[in-house]
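This briefing picks out local features of one protein chain, residue by residue. Please keep the model open while reading.

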Amino acid sequence: LGYQVIGTDEDIPKFKDQAEFVVTVGHIKNSDLRRKIYEKIKTTGGKVATIIAKDAYVSRHASVGEGSLIMHKVMLSAEVKIGKCTIINTLANISHETHIGDFCHISTCASINGACIVDDDTFIGSQSVLNQGVSVCKSIVGSYSLVNKNIFESGVYVGIPAKFIKPL
């Protein structure tokens, strides 16, 4: 995009007093790289910015954790809690009283209905739906999946309804 590269992750300590950092690494098989970069910034004393797109809607009764990215046209309803360094991608809808953990990635157009719990390090694929009140432990939910009951075993889930296909 024509931006000048001024350093690498190794240069984080050099810039810790000059800038706020944004960790934009998505969920590539897992959240380990995003977590590693976030923790490096924090241990060197750097600040991690929380970014909320100007066309996102975040209820005044919702909370967004440090370092999280709330992308364009996202809807966060009342009493939604987003953990730290989590990505809520374009057009995702997170309904009332839902808790999304740390280092999660909620993909484009995902719909998470009210009173859901999504544990840390979970990936929810594009256009997936979590029905009202379900809980999902650390897992990967594939695109276009319907989670209509709790997921208690970590793994990869796909389909309508979402079914376990393999361990993480």
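The side chain of serine 128 reaches the backbone nitrogen of tyrosine 144 at 3.4 Å. The model behind this value is predicted. Serine 128 sits in the loop between β15 (123–124) and β16 (129–130). Its relative accessibility is 0%, so serine 128 counts as buried.

**Aromatic pairs**

- The structure holds two aromatic pairs.
- Tyrosine 38 and phenylalanine 103 make an edge-to-face pair, with 5.5 Å from centre to centre and 80° between the planes.
- Tyrosine 38 belongs to helix α2, while phenylalanine 103 is in the loop between β11 (99–100) and β12 (105–106), so this pair ties together parts 65 residues apart in sequence.
- Tyrosine 38 and phenylalanine 103 are both buried.
- Tyrosine 157 and phenylalanine 164 also form an edge-to-face pair, at 5.5 Å centre to centre and 70° between the planes.
- Tyrosine 157 is buried because its relative accessible area, 7%, is under 20%.
- Phenylalanine 164 is partly exposed, with a relative accessible area of 35%.

**Largest pocket**

- By class, the lining residues of the largest pocket are ten nonpolar, three polar and three charged.

**Backbone geometry**

- The peptide bond from isoleucine 160 to proline 161 is cis, and its omega is near -5°.
- Proline 161 is part of the loop between β20 (156–158) and β21 (163–166).
- Lysine 29 has a phi near 70°, a positive value in a residue other than glycine.
- The loop between β1 (20–21) and α2 (32–43) holds lysine 29.
- Lysine 29 is exposed, since its relative accessible area of 73% is over 50%.
- Lysine 73 has a phi near 60°, again positive in a residue other than glycine.
- The loop between β6 (69–70) and β7 (75–76) holds lysine 73.
- Lysine 73 is partly exposed, at a relative accessible area of 48%.

**Cysteines**

- How many disulfides are there? The count comes to zero.
- Cysteine 109 is in no disulfide, because a disulfide needs two cysteine sulfur atoms within 2.5 Å and the nearest, that of cysteine 116, is 17 Å away.
- Cysteine 137 is in no disulfide either; the nearest cysteine sulfur, that of cysteine 104, is 11 Å away.
- Cysteine 109 is partly exposed, with a relative accessible area of 31%.
- Cysteine 137 counts as buried at 13% relative accessibility.

**Contacts across the sequence**

- Isoleucine 28 is 95 residues from phenylalanine 123 in sequence, yet the two are 9.5 Å apart in space, C-alpha to C-alpha.
- Isoleucine 28 is found in the loop between β1 and α2.
- Is isoleucine 28 buried or exposed? Isoleucine 28 is exposed, with a relative accessible area of 62%.
- Glutamine 132 and alanine 115 are 17 residues apart in sequence and 6.2 Å apart in space, C-alpha to C-alpha.
- Glutamine 132 lies in the loop between β16 and β17 (135–136).
- At 49% relative accessibility, glutamine 132 is partly exposed, because the value falls between 20% and 50%.

Note on methods: Residues are numbered from 1 along each chain as its sequence is written. Side-chain values use heavy atoms; hydrogens and water are left out. Helices (H or I, at least four residues) and strands (E, at least two) are DSSP runs, numbered from the N terminus. Buried means under 20% relative accessible area, exposed over 50%, partly exposed in between (1.4 Å probe, protein chains only). Ala, Val, Leu, Ile, Met, Phe, Trp, Tyr, Cys and Pro count as nonpolar, Asp, Glu, Lys and Arg as charged, and the others, Gly among them, as polar. Rings of Phe, Tyr and Trp (its six-membered ring) pair if their centres lie within 6.5 Å; planes under 30 degrees apart count as stacked, over 60 as edge-to-face and the rest as tilted. A polar contact is a pair of N or O atoms within 3.5 Å; within protein, one must be able to donate a hydrogen and the other to accept it, and residues adjacent in sequence count only if both atoms are side-chain atoms.
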